[in-house]
Amino acid sequence: MSTSDRPTAAARQRELVGLVADLGPTFAERAAGYDREARFPVENYADLRKAGLLGLCIPADHGGLGADFATYGLVSEELGRYCGSTALTFNMHTATMLLCGQIADDLAMSAAERARHERRRAAMFAGVIEKGHIHAQPFSEGNAPGATAGVNTLAVPVDGGWRLRGRKIFASLSGAADRHNVICVTPDDPTIRFMSVRAGAEGLRTEGEWDPLGMRGTVSLTLVMDDVFVPAEAELLPPGVFDQVASRWPHFYLTLSFTYLGIMRAVMDFTDDYLAGRVGPGARRDNPQKQAGWAQLQVAYERTYALARQVLAEAGPDPTHEQVRRAWAAAVSTMETAPELASLAVRVCGGRSLLRPQPLERLYRDARCGATMLPWSVEACLDRLGRAGLSAAEDGEPYA
Ligand SMILES: Cc1cc2nc3c(=O)[nH]c(=O)nc-3n(C[C@H](O)[C@H](O)[C@H](O)COP(=O)(O)OP(=O)(O)OC[C@H]3O[C@@H](n4cnc5c(N)ncnc54)[C@H](O)[C@@H]3O)c2cc1C
């Protein structure tokens with residue numbers, strides 16, 4: 001971006017964040033119901049679609065809003081401020097748009113692959129813009145921490161495409177998405193493939209119960225693929241490109257954290273209102289202990305926010321080792337500080353702040369979920385940071 005573009009880009013970012021801010025109060029009102037019933041936020045998605053936000057990261061020449069990765073981070077954070085489950089599922093949808101859009105543009109492909117990719121993503125983008133398709137990204141299988149490790153879903157080549165067999169745990173949007181974009185491997189080849197499974201395809205089903213601690217509106221059931229046919233055109237990235245993401249565009253795995261930054265903001269909004277007496281039983285603003293707690297909350301929030309913002313500005317292809325380490329540190333910082341902040345807010349606000357319909361107890365539960373999310377879970381990031389710079393084994397390791 002040149003200096004003269006900067007005001008325009010910033011204004012556009014504000015405009016797009018503003019689209020979410022306009023929907024925010026309605027989303028915040030609905031959030032309690034989705035949480036209580038562990039129900040997907042269908043109504044919020046109708047509103048997101050109407051506002052054009054399903055196309056947030058679809059390039060403008062494909063009819064989308066043309067937002068880049070950094071803008072996505074800001075929009076996601078704003079969404080997380082009002083409804084964590086909507087933000088986290090919107091992340092899954094938008095991550096595929098980024099992967100096939102901005103990120104794919106930065107990665108290596110042959111000319112023939114690039115032409116084929118252009119055709120396929122044009123069809124995918126058109127599905128979102130013209131038909132309102134919602135995309136999910138069930139990658140997890142629960143076998144290994146790495147982005148490209150432990151993938152056992154198998155795609156067997158058949159006439160006109162593939163037959164997929166496997167299971168994905170925590171498939172957010174399991175009953176709501178029109179497309180489930182999975183990672184898989186083909187026989188005798190470790191290259192990760194990225195394929196889009198149509199909802200309702202024969203052999204596709206969900207399994208299990210959904211009654212979790214938090215992020216209950218994500219409805220992340222187990223998704224089972226039992227010989228599901230996927231046409232060749234539904235392979236969304238050329239073979240090998242997904243593997244490149246882990247080494248060349250690792251900030252991709254940071255997208256989840258902006259939801260949790262938004263939840264932190266919601267905790268701050270609530271605490272501010274509660275202590276000032278704008279909500280709840282009455283003002284506590286003059287109590288020195290509450291003030292000390294409020295000061296601590298602000299320090300924790302600002303520290304996390306500052307690191308997240310720096311890392312967001314550094315996201316792009318081929319980061320330095322130092323930038324990747326900072327991104328891992330930012331993931332740990334956000335995913336650990338979010339539940340700590342919510343916990344501290346409970347203590348500072350006091351017992352009555354825990355009573356529904358106050359949102360704090362839900363924010364507390366939602367905030368706890370982020371640290372477990374792979375491949376950049378807190379444990380996985382700490383594991384990598386613990387070896388960073390110290391171990392020769394680190395050289396050439398994928399970043400995700
Ligand atoms: C609300 C919610 C929504 C989710 N939505 C999605 C989604 O839409 N798509 C998706 O792909 N996933 C999703 N996930 C799944 C998430 O990303 C993780 O895969 C999941 O939480 C892992 O659970 P687990 O019990 O298998 O974890 P763990 O047992 O912690 O980890 C899984 C495996 O990796 C190993 N492992 C983990 N960390 C390390 C480490 N540091 N070093 C060595 N081995 C390690 C473990 O031994 C285990 O075999 C969601 C999770 C939640 C909570």
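The structure is a predicted model, and the values given below were computed from it.

**Domains and their contact**

The chain is divided into three parts, namely domain 1 (3-134), domain 2 (154-240) and domain 3 (249-394). Between the C-alpha centres of domain 1 and domain 2 there is a distance of 21 Å, and the contact between these two domains takes 24 residues from domain 1 and 19 residues from domain 2. On the side of domain 1 that touches domain 2, at least two residues are supplied by each of the helices α1 (6-37), α4 (84-106) and α5 (111-131), and α4 gives the most, with 9 residues. Sorted by class, this side of domain 1 has 12 nonpolar, 7 polar and 5 charged residues.

**The surroundings of the ligand**

There are 23 residues around the ligand, and those that come nearest are F139, S140, G142, F170 and S172. The shell divides into 12 nonpolar, 9 polar and 2 charged residues.

**How helix α7 packs against α8 and α9**

Helix α7 (residues 257-276) packs with helix α8 (residues 288-314), and α7 packs with α9 as well. The table sets out the angle and the axis distance for each pair.

| Helix pair | Angle between axes | Distance between axes |
|---|---|---|
| α7 and α8 | about 155° | 11 Å |
| α7 and α9 | about 20° | 9 Å |

An angle over 145 degrees counts as roughly antiparallel, and at about 155° α7 is therefore roughly antiparallel to α8. The crossing in which α7 passes α8 is left-handed. On the α7 side, this contact is made by S257, L261, M264, M268, T271 and L275, while α8 brings in K290, W294, L297, Y301, T304, Y305 and A308. The residues of the contact of α7 with α8 divide into 9 nonpolar, 3 polar and 1 charged.

For the other pair, an angle under 35 degrees counts as roughly parallel, and with an angle of about 20° α7 is therefore roughly parallel to α9. The crossing of α7 and α9 is left-handed. Residues of α7 that make this contact include Y260, I263, V267 and Y274, and among those of α9 are A330, T334, M335, L341 and C349. The contact of α7 with α9 is made up of 16 nonpolar and 4 polar residues, with no charged ones.

**Details of the backbone**

Which peptide bond next to P357 is cis? The bond from R356 to P357 has the cis form, with omega near 5°, and P357 itself is placed in the loop between α9 (321-349) and α10 (360-368). A cis peptide bond also joins L374 and P375, where omega is about 0°, and P375 is found in the loop between α10 and α11. In domain 2 (154-240), the backbone at V219 has a positive phi of about 40°, although V219 is not a glycine. This residue is placed in the loop between the strands β6 (204-207) and β7 (221-231).

Conventions:
Residues are numbered from 1 along each chain as its sequence is written. This is a predicted model: local features need pLDDT of at least 70, side-chain atom pairs count only at pLDDT 80 or more; totals for chains, interfaces and linings use all residues. A residue is near a molecule or strand if its C-beta atom, placed from the backbone, lies within 6 Å of it. Ala, Val, Leu, Ile, Met, Phe, Trp, Tyr, Cys and Pro count as nonpolar, Asp, Glu, Lys and Arg as charged, and the others, Gly among them, as polar. Domain bounds come from an automatic or database domain assignment. Two residues are in contact if their C-beta atoms, placed from the backbone, lie within 7 Å. Helices (H or I, at least four residues) and strands (E, at least two) are DSSP runs, numbered from the N terminus. Axes are lines fitted to C-alpha atoms, for helices over the stretch in contact, and angles run from 0 to 180 degrees between N-to-C directions. Angles under 35 degrees count as roughly parallel, over 145 as roughly antiparallel, 65 to 115 as roughly perpendicular and the rest as oblique. A crossing is left-handed if the near helix is turned anticlockwise from the far one by less than a right angle, and right-handed if clockwise.
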